[in-house]
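Thanks, everyone, for making the time.

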Amino acid sequence: MGICYAIVDDEEPGRTNLRLAMEAHPDWCLAFECDSAVRAREALSAHRIDLLFLDIQMPRESGLQLARELAQQSEPPLIVFVTAHSAHAIEAFEVHALDYLLKPLDDARLAQALERARLLLAGRQRGAYGRALRAYADGPAYLEQIGVRSVGRIDQVQVADILWCEAQGNYVALHTASTTPLHRVALSRLEAHLDPARFLRVHRGAIVRRDQAVGLSVVGDGSYLLRLRCGAEVAVSERYVGAVRELLGA
């Protein structure tokens, strides 16, 4: 038997389209499909699955409610959330290193999600995934930990350990005292989930922890550098100079 998956979507065309798309991946075996969270609970109690395609917007009970329940398991099935247009939900999924598909279904994006799931399963990462899912489902308004996805892994970085964040292409480097993991998310999206009482944007490519700021200097070309307690120097753009000076009491 291949890797087992299930589909939960209240719309029959959505279930059918996904089931037909999955035929291009014969090593994945369909365990069941349901049209509601209620029926999904019954099926999940009878089947152990590896991956759940879960529609977000369903009548009576949303997919997110079911995800919150599954998040309480020590090793929940991996979830690929399916959504038509929820920009806020997509932002949250990316910040927490969770996967999603947009309707209408894109075959290449589906293949990418399946490969990510396959690597996590091969690396026996259900427990780590469960922690990332719980952080998403039950977390506070602002992040306390960040799920960072690498090849076949999800690791947790404590926000309290982050000294500053630096945009690097499609990634953000999370600078801590000992490591600098790369998290695939836009810096602006990450910023929306960081407590502004603890972190300050100082440049289009940098966010610093407020208690790290120790001094601001002007360099020869008229640009600014912020010195941090950890020894790093971070560029400050003109747009944010006022906020940095206020922070420093200058």
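Let me begin with helix 5, which gives the largest cavity four residues, the largest share of its lining; helices here are DSSP runs of H or I with at least four residues, strands are runs of E with at least two, and both are numbered from the N terminus. By cavity I mean, on a 1 Å grid over the protein atoms alone, a set of points where a 1.4 Å probe fits but cannot get out, whereas a pocket is an open set with protein on both sides within 12 Å along at least five of seven lines, and lining residues have an atom within 4 Å of a point.

This is a predicted model, in which local features need pLDDT of at least 70 and side-chain atom pairs count only at pLDDT 80 or more, while totals for chains, interfaces and linings use all residues. Residues are numbered from 1 along each chain as its sequence is written, and side-chain values use heavy atoms, with hydrogens and water left out.

The search of the whole structure finds one cavity of 30 Å³ or more, and the largest cavity holds about 50 Å³ of space, a volume being the space filled by probe spheres set on points joined across faces, edges and corners. Its lining includes Asp99, Arg116 and Arg149, and strand 4 (78–83) also supplies at least two residues.

Turning to the largest pocket, its volume is about 510 Å³, and among its 24 lining residues Ala97, Arg116, Arg149, Tyr171 and Arg184 lie nearest its centre. Helix 5 again gives the largest share of the lining, six residues.
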